Amino acid sequence: MSRIVFLPGFDGDVSLRAEFVEELSRRNQVRTVSYPNKPLGSLDAYRVQAMGELPVDWSPVLLAESFGGLIAARWASIDARVEALVLCGSFARNPVGAAATLGASWPG
């Protein structure tokens with residue numbers, strides 16, 4: 001059984017992926033990350049928020065969608081507990097430069 005952490009896209013609304021998460025949960029332990037509806041100011045701030053939702057004894061597979069991929073890639077680059085990184089409809093590096101920084105500071 002894998003331990004999976006799902007990071008959604010920029011909307012941060014995991015409920016939109018409820019069926020997907022439910023299906024993952026049939027054979028895995030799954031935690032989901034939600035982003036607060038307030039500016040966090042940087043991608044690293046979103047990473048800190050996401051990492052704070054993980055039990056300390058987990059070695060997770062990070063499964064990230066869209067904007068969540070940027071957060072998960074940063075997380076995986078500094079956390080030796082991460083077993084794998086899976087990007088879905090995402091990207092490994094910022095495709096829009098400064099626009100992502102602006103977006104990170106202005107959710108919703």
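This is a predicted model: local features need pLDDT of at least 70, side-chain atom pairs count only at pLDDT 80 or more; totals for chains, interfaces and linings use all residues.
## Helix 2 and helix 3

Helix 2 spans residues 43–51 and helix 3 spans residues 67–78; their axes come within 9 Å and cross at roughly 75 degrees. Helix 2 is therefore roughly perpendicular to helix 3.

On the helix 2 side, the contact involves Leu 43, Asp 44, Tyr 46, Arg 47, Ala 50 and Met 51. These meet Phe 67, Leu 70, Ile 71, Arg 74, Trp 75 and Ile 78 of helix 3. By class, the contact residues are nine nonpolar and three charged, with no polar ones. Asp 44, Arg 47 and Arg 74 are joined in a network of salt bridges.

## Salt bridges elsewhere

The model has five salt bridges by the rule applied. One of them pairs Glu 65 with Arg 17, with an N to O distance of 2.8 Å. This pair connects distant parts of the chain, 48 residues apart: Glu 65 lies in strand 3 (residues 61–65), and Arg 17 lies in the loop between strand 1 (3–7) and helix 1 (18–25). Glu 65 has 22% relative accessibility, so it counts as partly exposed. Arg 17 counts as buried because its value is 13%, and the cut-off for buried is under 20%.

Glu 23 and Arg 26 also form a salt bridge, at 3.4 Å from N to O. Glu 23 is partly exposed at 48%, while Arg 26 is exposed at 62%.

In the pair of Arg 81 and Asp 79, the closest N and O atoms are 2.8 Å apart. Arg 81 is partly exposed, with a relative accessible area of 25%; Asp 79 is buried, at 8%.

Methods. Residues are numbered from 1 along each chain as its sequence is written. Side-chain values use heavy atoms; hydrogens and water are left out. Axes are lines fitted to C-alpha atoms, for helices over the stretch in contact, and angles run from 0 to 180 degrees between N-to-C directions. Helices (H or I, at least four residues) and strands (E, at least two) are DSSP runs, numbered from the N terminus. Angles under 35 degrees count as roughly parallel, over 145 as roughly antiparallel, 65 to 115 as roughly perpendicular and the rest as oblique. Contact means heavy atoms within 4.5 Å. Ala, Val, Leu, Ile, Met, Phe, Trp, Tyr, Cys and Pro count as nonpolar, Asp, Glu, Lys and Arg as charged, and the others, Gly among them, as polar. A salt bridge is a side-chain nitrogen of Lys or Arg within 4 Å of a carboxyl oxygen of Asp or Glu. Buried means under 20% relative accessible area, exposed over 50%, partly exposed in between (1.4 Å probe, protein chains only).
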